[in-house]
Amino acid sequence: MKNLRGTTQFLTQNHLMGELLEMASKIAPTEVSALIQGESGTGKELVARFIHEQSKRSRSKMVSLNCGAIQDTLLLSELFGHERGAFTGATAQKQGLVELANGGTLFLDEIGEMGLDAQSKLLRFLQEGEFRRVGGQEPIHVDVRVISATNKDLEAQVKAGKFREDLYYRINTVTLRMLPLRKRKDDVPLLVQHFLREGDFAKTVSEEAMAKLCAYPWPGNVRELQNLVERFKVLVDGPQIEVSDLPPPLNRELNEVVNDEPLTVFSLDEIEKKHILRVLGHFKGNKTKAANAMGITVKTLYNKLAVYQKEREDIRPSSESAVLH
């Protein structure tokens, strides 16, 4: 079994992933640029953090930016900072992530989502080692190692004119290709047991349930598996996870009616509400942890709770109030 050294954990017993980790170990002490390719949820940032922790820059920060989570108009400000008055709303000078990462590592996740204008300015920075804040005139010199990641085929992006060829070769001295979980199913039992142990949960998984977990294609990769295990911790009352505890995508035959017992019908909204409130109670009202466990955004969770609160305006307060606020 392979495991990244240091504080970062990447558990695998797959030989191809083991080879990838060995490559990461070799390039970590160097200054070469690395491009980590793979589907969302495969652990690209974990590998980037390992490279940083095993590098000469480990005593400085690793700063991360998801290029797909921010509009192009704001991306340059996030990267390089801005001067006061550079644009509407710029009421004070702001340091960018490049400056904050000085002496350390800048991790650019989903770099394939970066627009061409931002690509041009990033390339200039990589070539010259200096940049200007948005609205600024003075060049600022920093010493930063850049590690990039993407879930896109950048070669195809280059051919389509959506990604600069010169930038592609600049960030791509070494490519590390992450396997999706469906191609490393030997890791599923290892990861399930690891996630179950987090938080001192003592649940086990039956052989039948584990077989179904291993057979599932995991389109969301390790992130989807981790979220499912968090749901098991909340919703499974017994000491062992059985086939009957698996959600429909993993156990479709359970959708069929197996007996003639009277059926109590609940609306989907009612079922969703009960589930959300139970998860919130499990995490003692921590909305960020609850949202992550359910695979939704914190904003979506707040919107749901606002609806529930409105429904309760004419109803006497109940035990739900502790998690609605």
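The following legends describe close-up views of a predicted model.

View 1. Five strands make up an open sheet, arranged in the order β2-β5-β8-β1-β9. Their pairing is parallel. Strands of a sheet pair through backbone hydrogen bonds, either parallel or antiparallel. At the edges lie β2 (62–66) and β9 (174–177), each of which pairs on one side only. On average, neighbouring strands of this sheet are turned by 20° against each other, direction ignored.

**View 2. The pairing of β2 with β5.** Strand β2 runs parallel to β5 (residues 105–109), and five bridges join the two.

View 3. Helix α1, formed by residues 15–27, lies across β1 (34–37), β8 (145–150) and β9. Relative to β9, helix α1 runs at about 150°.

**View 4. The surroundings of Arg57.** Arg57 is located in the loop between α2 (44–53) and β2. Because its relative accessible area is 7%, under the 20% limit, Arg57 counts as buried. Residues touched by Arg57, leaving aside those up to four places away in sequence, are Glu31, His52, Gly103, Gly104, Thr105, Asp143, Val144 and Arg145.

**View 5. Polar contacts of the Arg57 side chain.** The side chain of Arg57 forms a polar contact of 2.8 Å with the side chain of Glu31. The side chains of Arg57 and Asp143 are likewise joined by a polar contact, at 2.7 Å. Both Glu31 and Asp143 are also among the residues that Arg57 touches.

Key:
Residues numbered from 1 in each chain as written. Predicted model: local features only at pLDDT ≥ 70, side-chain atom pairs only at ≥ 80, totals over all residues. Heavy atoms only, no water. Pairing = 2+ DSSP bridges. Helix = DSSP H or I, 4+ residues; strand = E, 2+ residues; numbered from the N terminus. Axes fitted to C-alpha atoms, helices over the stretch in contact; angles between N-to-C directions. Contact = heavy atoms within 4.5 Å. Buried < 20%, exposed > 50% of the residue type's maximum accessible area, 1.4 Å probe, protein only. Polar contact = N/O pair within 3.5 Å; in protein donor to acceptor, adjacent residues only side chain to side chain.
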